[in-house]
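I opened the notebook today to go through a structure piece by piece.

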Amino acid sequence: MRSDPVVQVQALVKRYGAKTAVDGLDLVAREGVTAVLGPNGAGKTTTVETCEGYRKPDSGTVRVLGLDPVGQSRDLRPRIGVMLQSGGVYSGSRADEMLRHVAKLHAHPLDVDALIERLGLGSCGRTTYRRLSGGQQQRLALAMAVVGRPELVFLDEPTAGLDPQARRATWDLIRDLRTDGVSVILTTHYMDEAEQLADDVAIIDAGRVIAQGSPEELCRGGAENTLRFSGRPGLDVGSLLKALPADCSAAELTPGSYRVVGKIDPQLLATVTSWCAQHGVMPEKISVERHTLEDVFLELTGKELRS
Amino acid sequence: MTATGTGMYTPKPGAAPLPRMIAAQAALETKMLLRNGEQLLLTVVIPTLLLVLFSTVDIVDTGAGEAVDFLTPGILALAVMSTAFTGQAIATGFERRYGVLKRLASSPLPRWGLMTAKTLSVLVTEVLQVVLLTVIAFALGWSPQGNPFAVLLLLVLGTAAFSGLGLLMAGTLKAEATLAAANLVFLLLLVGGGVIVPLDKFPSAAQDLLDLLPISALSGGLRDVLQQGAGMPWADLGILGVWAVVGLAAAGRFFRWE
């Protein structure tokens, strides 16, 4: 199942004038769904567009399905599906007209009517592209990416600006693609989307991959977790801290509300509860919070705003 | 409702045969053009109105002979310019702006296939224009002379020259700039290219320069053949040939897809 990589990027460098957008990036994506996360300007779109054959690397190598996206583009293009972040459709064309057209460029396209029904595009009727809602435009772009029955699809922020229903429909489609053996490279700003869909997550910052792994691995590895409990106000936090392992911290956030941050394992939980027992404290509302992908992301890429 | 595990999406990639892709692309491009109101105004309404108006109302002194015999070759040249240059430049400029060219570049259709389809779409539109304008001209009493092959050659070379210039503009300027510039050039060449105003109305120094414009070569060449019954208008064909080579080469060199 997890055989040859579908995308293999080695030491990719891409500059625009003096600005280095991608700075020696390595990325391997295997079958399944790979989510590429990163702050704005991190180099996500440049990396993906290099894989799609739109940009020529300044240095480094890129292989998609074993092919060079620039030099072997003729062989590669029928095998991939591309969803751009926006646009890509004649402003005067109707949704079904454009989808049927893209289908005609492929040898064994999907049944267009079934796909239209599946993505709820039937209601677009005779409306031209420029008058479709943002959500309809997004779903049409998604349909165009999959209609040619590709082996690999690139989806650039497929659910940006969608309402919850349309977002669910898109997620369901991505899950079905995966089940049927289509690999997906997904860029997104939604951490829950990556957590829900991705087998593998790559976090890009400043033109490099700074972390990669399954969502579980990323949330577990290195990242600190949190334990919260309530008790009577004014407990001796210093004494609690002495009972805890050295790399933990503890604080009373608001009167009677306590937080322990560190590597939370069963042993630590036992330590906290036995400390409470020694001090005659009944810990209420005790809870352990696993770090979300968003916490990991912010930890790795910082909290300051990007361009 | 969900089709999980039905195998509906099981990969089965492949490009359609090239002729089918190009035919589909040309059909879509033509449909988009014929559906666009501004494009129809430019390619159908304006040439038709000018032909009817100036043939029936004596506004411009078109020299000896019937006005319609002078005007029809000029209007045919205008029709070619409106489709191959103005219309194609504006449409392609906005396709570039809205990512249509980018999206198609990752489809199985090769770039040269897209360009072939665009040319086919321009030619189909021109055939429709020529048929319509010819019918109207005959109704107005037009009596054409000359060699149909020379006319065809002029129209084809004119199309090549204007396509090169239109694509050069669409592939280098912003869409809004292309829109403005293409319309402005259309208007200027309509007045200064011998379409309805004979070039000998201009001062002779200006005339020498205006003669070198592709629209003057096309309208002048068509007029020599259709009105005067001349043989091959080699000088005009030569001017159009140079514009075609320079325009297409520059478009090929400088066209940017995004």
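What follows are my notes on a predicted model, taken chain by chain.

**Entry 1: domains of chain A**

I began with how chain A is divided. I found domain 1 at 7-220 and domain 2 at 225-290. I then looked up the spacing of the two: their centres, taken over C-alpha atoms, are separated by 44 Å.

**Entry 2**

Next I looked at a sheet in chain A. Three strands make up this open sheet, in the order 2-1-4, and the pairing is antiparallel. I noted strand 2 (19-29) and strand 4 (59-64) as the edge strands, each of which pairs on one side only. From one strand to the next, the twist averages 25°.

I also wanted to know what packs on this sheet. In chain A, helix 1 (residues 44-51) does so, and it touches strand 1, strand 2 and strand 4. The direction of this helix makes about 120° with that of strand 1 of chain A.

How many bridges pair strand 1 with strand 2 in chain A? I found eight bridges between strand 1 (residues 7-16) and strand 2, in the antiparallel sense.

A reminder to myself: strands of a sheet pair through backbone hydrogen bonds, either parallel or antiparallel.

I moved on to an open sheet of four strands in chain A, which has the order 11-12-10-13 and antiparallel pairing. Here the edges are strand 11 (249-254) and strand 13 (284-289), each pairing on one side only. Direction ignored, neighbouring strands of this sheet are turned by 15° against each other on average.

I followed strand 10 (residues 225-230) of chain A to its partners. With strand 13 of chain A, strand 10 pairs in the antiparallel sense over four bridges.

**Entry 2: chain B as a whole**

Then I turned to chain B. Its secondary structure comes to ten helices and zero strands. I also looked up its extent: the C-alpha atoms of chain B fill a box of roughly 80 × 35 × 30 Å along the principal axes.

**Entry 3: helix 2 and helix 5 of chain B**

Two packed helices are described by the angle between their axes and the distance between the axes, and I looked up both. The axes of helix 2 (residues 37-56) and helix 5 (residues 111-139) of chain B come within 11 Å and cross at roughly 20°. Angles under 35 degrees count as roughly parallel, so helix 2 of chain B and helix 5 of chain B are roughly parallel to each other. I noted the crossing of helix 2 of chain B past helix 5 of chain B as right-handed.

Helix 2 of chain B brings residues including Val44(B), Pro47(B) and Leu51(B) to this contact, and helix 5 of chain B brings residues including Leu132(B), Leu133(B) and Ile136(B). By class, the contact of these helices has eight nonpolar, four polar and no charged residues.

**Entry 4: helix 1 and helix 5 of chain B**

Helix 5 of chain B also packs with helix 1 of chain B, at an angle of about 50° and with the axes 8 Å apart. That angle makes helix 1 of chain B oblique to helix 5 of chain B. I logged this crossing as right-handed.

Among the residues that meet here are Met21(B), Ile22(B) and Glu29(B) of helix 1 of chain B, and Leu114(B), Lys118(B) and Val124(B) of helix 5 of chain B. I wrote down the classes for this contact as nine nonpolar, six polar and two charged residues.

**Entry 5: where the chains meet**

Last, I looked at the interface. I found 33 residues of chain B in contact with 37 residues of chain A. Which helix of chain B gives the most to the side that touches chain A? Helix 1 of chain B does, with six residues. On this side of chain B I noted 17 nonpolar, ten polar and six charged residues.

Conventions. Residues are numbered from 1 along each chain as its sequence is written. Chains are lettered from A and ligands numbered from 1 in the order in which they are written. This is a predicted model: local features need pLDDT of at least 70, side-chain atom pairs count only at pLDDT 80 or more; totals for chains, interfaces and linings use all residues. Two strands pair if DSSP finds at least two bridges between them. Axes are lines fitted to C-alpha atoms, for helices over the stretch in contact, and angles run from 0 to 180 degrees between N-to-C directions. Two residues are in contact if their C-beta atoms, placed from the backbone, lie within 7 Å. Domain bounds come from an automatic or database domain assignment. Ala, Val, Leu, Ile, Met, Phe, Trp, Tyr, Cys and Pro count as nonpolar, Asp, Glu, Lys and Arg as charged, and the others, Gly among them, as polar. Angles under 35 degrees count as roughly parallel, over 145 as roughly antiparallel, 65 to 115 as roughly perpendicular and the rest as oblique. A crossing is left-handed if the near helix is turned anticlockwise from the far one by less than a right angle, and right-handed if clockwise.
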